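Good morning, and thank you for coming.

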Amino acid sequence: MSDNPYDVLAIKRDASAEEIQRAFRKLAKKHHPDLNPGDPRAAEAFKRISGAYDILGDPEKRARFDRGEIDASGTEKPPHRFYRDFADASDGHPYASAAGFEDMTGTDDLLSELLRRRTGTSFRMRGADRHLRLPIDFLEAVNGTNKHVVLPDGTALDFVVPAGVSDGQILGLAGKGEPGLGGAQPGDALVQLEVRPHRLFRREGDDIRLDLPISLTEAVLGGRVEVPTPTGRVTMSIPKGSNTGKVLRLRGKGVLRPQGGHGDMYVTLQVVLPENDPDLETFVTHWQRGLAHNPRRDLEREA
Amino acid sequence: MTREEFCSRLGIGSATLQLWTSEGWLLLDDTGSSSASLSEIDLARGQLIRHLGDEFGVNADGIGIILDLLDQVHGLRSVLREVLQSSAARAER
């Protein structure tokens, strides 16, 4: 842009004194640095406008400029320190005002801390907590496990998932959150566990449930069968004449309780017939007592 | 600086300074002693008051409103700056 004061004020060479003043006022109001506290170009623009007006606003200087006796920068003023240079530089000045945000400080911790800092107290703020979700296997939740997790920002977390945690439970890892400010404590990492379902086991509180298929022979005659539990296989006795739906308890084979001890495991028996067994068909065909047995007698009486 | 020095550097009379302080635009101690010290920020604020009143034609009520809003803008800017600095400091760690 030209330094020519006529161009700066955007007026014609033959503008009247009034037009010059009007042009100056219009531009000065727009570009005054104190009315544009955050605009770095405002000071430069205002200086050019003021410089131009210094020449053109004074009939004598204007005549000298028109005659070419002084140039556009011929009348530079000493550097003007604007109010914004002081008001924006520090908070400790007497005109500082919090009226523009005071109402937000009650609800916003960060702003409250900043305000406290501005009034002289040193600024310390505990780091923010990190919130994480961690999927773990059913058996990891029941038996406990060590976990190594690398966060997106590269932070590595090593921690123990204690035995007996449940789905949705939150593990607090002290000091593993965001770093604190001003030497304050870091926040915590809060890890919410998502326990994936198991193919066989179901969890009810501290107890574990399992559906166990047994053979017709085992159901009728009883016997000892192997049962999977979260801690390995155990042998269980099936009493004679065990029906589908019968529930057997394995004491202490459930989940570790927070207060100590273990829950129980409940095994629901399911009698499974052999497929396509002609011998069984022959036997049942001639089994008079079986033909007479009506397990729905109660249902029929009710209905 | 003294009140006299302040007035002469701004090119105003002592009555004008009196008016500005009674309007609350400038904060001075009220003892009225001529040795009361004014600082550079008062001078710059005075310069702004002169620009608003003499050059922009803002009336007294308007000047008060503008000064008040400007001080709020500076307060907001300073808080905003600190918020940005704290979040930058957090991002670095």
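Predicted model: local features only at pLDDT ≥ 70, side-chain atom pairs only at ≥ 80, totals over all residues.

**Strands, helices and a pocket**

In chain A, strand β8 (residues 223-229) and strand β9 (residues 232-238) form an antiparallel pair over 7 bridges. Strands here are DSSP runs of E with at least two residues, helices are runs of H or I with at least four residues, and both are numbered from the N terminus. Two strands pair if DSSP finds at least two bridges between them.

Residues are numbered from 1 along each chain as its sequence is written, chains are lettered from A and ligands numbered from 1 in the order in which they are written, and side-chain values use heavy atoms, with hydrogens and water left out.

I turn now to the sheets of chain A. One open sheet has 3 strands in the order β1-β5-β4, with mixed pairing. Its edge strands, each pairing on one side only, are β1 (130-136) and β4 (170-173) of chain A. On average, neighbouring strands of this sheet are turned by 25° against each other, direction ignored. β1(A) pairs with β5 (residues 189-195) of chain A in the parallel sense, over 7 bridges. There, A:P135 is bridged to A:E194 of β5(A).

Another open sheet has 4 strands, ordered β6-β7-β11-β10 in chain A, and its pairing is also mixed. Here β6 (202-204) and β10 (247-250) of chain A are the edge strands, each pairing on one side only. Neighbouring strands are turned by 35° on average, direction ignored. β10(A) runs antiparallel to its partner β11 (residues 265-272) of chain A, over 4 bridges. A:V247 has its bridge partner, A:T268, in β11(A).

Next, chain B. At what angle do helix α1 (residues 3-10) and helix α2 (residues 14-23) of chain B pack? The angle is about 100°, and the axes are 9 Å apart. Axes are lines fitted to C-alpha atoms, for helices over the stretch in contact, and angles run from 0 to 180 degrees between N-to-C directions. α1(B) and α2(B) are therefore roughly perpendicular to each other, a term for angles of 65 to 115 degrees. In contact (heavy atoms within 4.5 Å) are B:R3, B:F6, B:C7 and B:L10 of α1(B) with B:S14, B:L17 and B:W20 of α2(B).

Finally, the second largest pocket has a volume of about 520 Å³. A pocket is an open set of points on a 1 Å grid over the protein atoms alone where a 1.4 Å probe fits, with protein on both sides within 12 Å along at least five of seven lines; lining residues have an atom within 4 Å of a point.

Note on methods: Points joined across faces, edges and corners; volume = space filled by probe spheres on them. Parallel < 35°, antiparallel > 145°, perpendicular 65-115°, else oblique.
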